Amino acid sequence: MNHKNEIRTFLKYVIPSVFSFALSGVYSIVDGYFVGNSLGDIGLSAINIAYPIVALIQAIGTGIGMGGAIHYSISNAEGDKKQSRLYIAGSMWLMAIAGILMTAVFAISPDPVLKALGADGKLLTYAEEYIVIIAIGSILQVAGTGFVPFIRNHGGSVYAMMSMVAGFVANIILDYFFVWRFSLGMAGAAWATVIGQGVTMMIALIYLIRNRLITFSISRASFRSVFISIIRIGIAPFGLAMSPNIALVIINRFSMSYGGEPAVAVYACIAYVICIVYLIFQGIGDGSQPLLSEYYGKNEYSSLFYTRRIGYIFSMILAIAGCGILYAMKGHLGLLFGASAEVNAEASRIIPIFLLSVPFVAISRITTAGFYAMNKSILSYIVTFAEPVLMLIIFLVLPPLLGGQMMIWWGTVAARILTALIALILKGYEDRKIDGSTVSYIS
């Protein structure tokens, strides 16, 4: 395949994926927008505190779906159709089990987790009202996010995008009616999210049934090895989906100590919008993953590395564009979510600090996606979880010594820059293990 064809193929897979992930980023801020403009700073803070649980449920679906879909693609590329079917069945069982477990854990007694995330008093009451309903619909969210990677790996990237668009539109419409027209507050926002994910799941299910990508047929002897293989790969995409939210938890906890509830509300405004850019990078990585896995399965390393290189270039272009847009609208972030004038002013002052780290996040995400697409699990784990570990270490050291809350903001940037450097070092190490002539050709 020549480079023009490779670029066209890359764009065919990646553009719908980027749009889908950007949409999922907007999806995540819809509840914040409606609740913030209905209940003010307290509602916005409650959504921000509770959202990591929502992200956890959806990330589990993403991890299982990506883990199964990557093995499905590699097995197909190797000509092993029987094995590829086993990965479909294993993924379906894991999604069902995960959905039931998430409902059991978070619907029955969410308070301990919410308190650990920093909620108390009225904030805890609001967050609990939201998360119990989210937990009831866990199976819809796990399946909705888990089905999409299989559709994308089967060549249905546009259909996957449309299923997410339908869920997004449903969520907006229901948020408007439930939160604003019927004044259902946090509960209304939660039901809108659950039903929206259900719409995505049902549309995705139709595709899977039509293309015979649904099966639960797997022997007990095969299940254990398939289960382990899916989880081994799925941990990295799960971690990528969760990493902004792990960071959210860490930043919220330290911000409550140094800046209090206003600092949490400030970061909520920033996190809601900047996560869209981060998800675009994940869209590039996950959109190119089917191609990378296919090239890897066929030992077509020059195409693999060239495709990854396009991913880096494309992500940098979008990083610069995203930073420009967010900087231009920095004075209106808090107002978008109904925050107070004080929170809006502080968010406007702080977001340029966060924008410095955006290109480095792009490097980390594209590199990690390349690792797990090639079944390099350990390397993908290192890059995925380096950021929260570094962030925690930095937060324990810098704020007490050099300036409290401001060091929380700068420490976040430092952790993301260091993670990108680790990613590049590991990428160079792995590239050198592959045929030298191929590496030199694409580097």
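**Exercise 1.** Find the residues that line the second largest pocket, then sort them.

*Solution.* 
Step 1. List the lining: Y13, Y72, S73, N76, A77, N153, P290, E294 and K298. This is a predicted model, where local features need pLDDT of at least 70, side-chain atom pairs count only at pLDDT 80 or more, and totals for chains, interfaces and linings use all residues. Residues are numbered from 1 along each chain as its sequence is written, and side-chain values use heavy atoms, without hydrogens and water.

Step 2. Apply the term. On a 1 Å grid over the protein atoms alone, a pocket is an open set of points where a 1.4 Å probe fits, with protein on both sides within 12 Å along at least five of seven lines; lining residues have an atom within 4 Å of a point.

Step 3. Find the elements. α2 (41-77) and α10 each give two or more residues to this lining. α2 gives the most, with four. Helices are DSSP runs (H or I, at least four residues), numbered from the N terminus.

Step 4. Sort by type. Four are nonpolar, three polar and two charged. Ala, Val, Leu, Ile, Met, Phe, Trp, Tyr, Cys and Pro count as nonpolar; Asp, Glu, Lys and Arg as charged; the others, Gly among them, as polar.

**Exercise 2.** Describe the lining of the largest pocket.

*Solution.* 
Step 1. Its residues are V273, I276, V277, I280, L318, A321, G322, I325 and L326.

Step 2. α10 (260-297) and α11 (301-328) each supply two or more of them. α11 gives the most, with five residues.

Step 3. The lining has eight nonpolar residues, one polar and no charged.
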